[in-house]
Amino acid sequence: MFPLIFLCSFLSLFLLLPANLAAVSNEGKYLKLPLLRKSPFPSPTQALALDTRRLHFLSLRRKPIPFVKSPVVSGASSGSGQYFVDLRIGQPPQSLLLIADTGSDLVWVKCSACRNCSHHSPATVFFPRHSSTFSPAHCYDPVCRLVPQPGRAPKCNHTRIHSTCHYEYGYADGSLTSGLFSRETASLKTSSGKEAKLKNVAFGCGFLISGQSVSGTSFNGAHGVMGLGRGPISFASQLGRRFGNTFSYCLMDYTLSPPPTSYLIIGDGSGRGGERINAVSKLFFTPLLTNPFSPTFYYVKLRSVSVNGAKLRIDPSIWEIDGSGNGGTVVDSGTTLAFLADPAYRLVVAAIRRRIKLPNADELTPGFDLCLNVSGVSKPEKFLPSLKFEFSGGAVFVPPPRNYFIETEEEVQCLAIQSVNPKIGFSVIGNLLQQGFLFEFDRDRSRLGFSRRGCVLL
């Protein structure tokens, strides 16, 4: 997705008030939110097509960042790997499903200004007229400077109480969401059954929604987007300072039946006692990098890749962010597959081929370069090479084979890693590779932590 204006994260210290906490779990200042998946899931070929489209949109804007105005990108609607959060906003609360997206900043929902709303199905759109706490931001409010403005927005009159803040969020394919940038009370369901009420959450109330990116099949029935990026208006930024400026998640294997529950944790969870402390001590940490051309994204420094313990001879410059903001490695919740810079990808595929102990599939699944015949093999993972990713700071990430080999057809498994041109894009640690690991985004310390063991404690 391709918004027209980006956001400078440091402005949040001055222009955006943090959401006020009305009620929270007594166990500590953190929120534990179930992450939901919607079925049917896309096929691997469909996932690849949607991922490729998402990354194309994300890489389209490589522009320097002037003050306040700079490119913002959300790929939430153009990916296949969406996880949803049940967010209830307004008083009385109205329940909506939002895509949780680490690749965007804006929180926005579909809105309707109808008076007789019988033609709208319940829980598909937000009705601001039905909420006693809905409050549009004034156009003269400094927070209004943080969102992209429509080209024909009404002239702002700071003396008029009803001069509202209009926003317009446009995308590369011509899709857009536009409406009023507003504040509202959010009620969040937690796994403990308790409820947290948060006042003054800033969000886009979209009265005009058009285009495939925000209403087509790739949006998968969502009612909006919960941006978790590094910009000041993201959900993580608004709640961060009140909850330790940290969020984490565990994405579980949604192909299992019944699928285990995945969770999004807002806050450091230090109130959960010794178990949490022990889990944190087992996290591997790597610094988060800032790309001045793409400040929303969570970049990390990938140093090496090993196959069956053998470190591949990959030129270190392959992983660098160049002077135009291209290259580097992003951790992204909205992309399903993993993507590696093409020179590294070729070496990885060649090394895996040499160590494979299973026959090749008779035909490749469209879009995949390495597919295996696993017929008659009860546990194919035992015959697949291991992968190890080493990041800056010595953090080592060793995903199990099921995170990078997926079943694309009956008795066929393909390598779920794709190639990307580092001169116009970036490498991606997608959500499939992240499955079964706790990922912690520590924004105050600018670091990313991950642990294979952390999920059992959520």
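User: Why does Tyr-249 count as buried?

Analyst: Buried means under 20% relative accessible area, exposed over 50%, and partly exposed in between, with a 1.4 Å probe and protein chains only. Tyr-249 has 2% relative accessibility, so Tyr-249 counts as buried. This is a predicted model, in which local features need pLDDT of at least 70 and side-chain atom pairs count only at pLDDT 80 or more, while totals for chains, interfaces and linings use all residues. Residues are numbered from 1 along each chain as its sequence is written, and side-chain values use heavy atoms, with hydrogens and water left out.

User: What makes Phe-441 buried?

Analyst: Phe-441 has 0% relative accessibility, so Phe-441 counts as buried.

User: Why is the pair of Phe-397 and Phe-437 called edge-to-face?

Analyst: Rings of Phe, Tyr and Trp (its six-membered ring) pair if their centres lie within 6.5 Å; planes under 30 degrees apart count as stacked, over 60 as edge-to-face and the rest as tilted. The centres of Phe-397 and Phe-437 are 4.7 Å apart and the planes stand at 65°, so the pair is edge-to-face. Both Phe-397 and Phe-437 are buried.

User: How do you know that the charged end of Lys-32 sits over the ring of Tyr-263?

Analyst: A charge sits over a ring if NZ of Lys or CZ of Arg is within 6 Å of the ring centre and within 35 degrees of the ring normal. The charged end of Lys-32 is 4.6 Å from the centre of the Tyr-263 ring and sits over it. Arg-447 likewise lies over the face of Phe-285, 3.6 Å from the ring centre.
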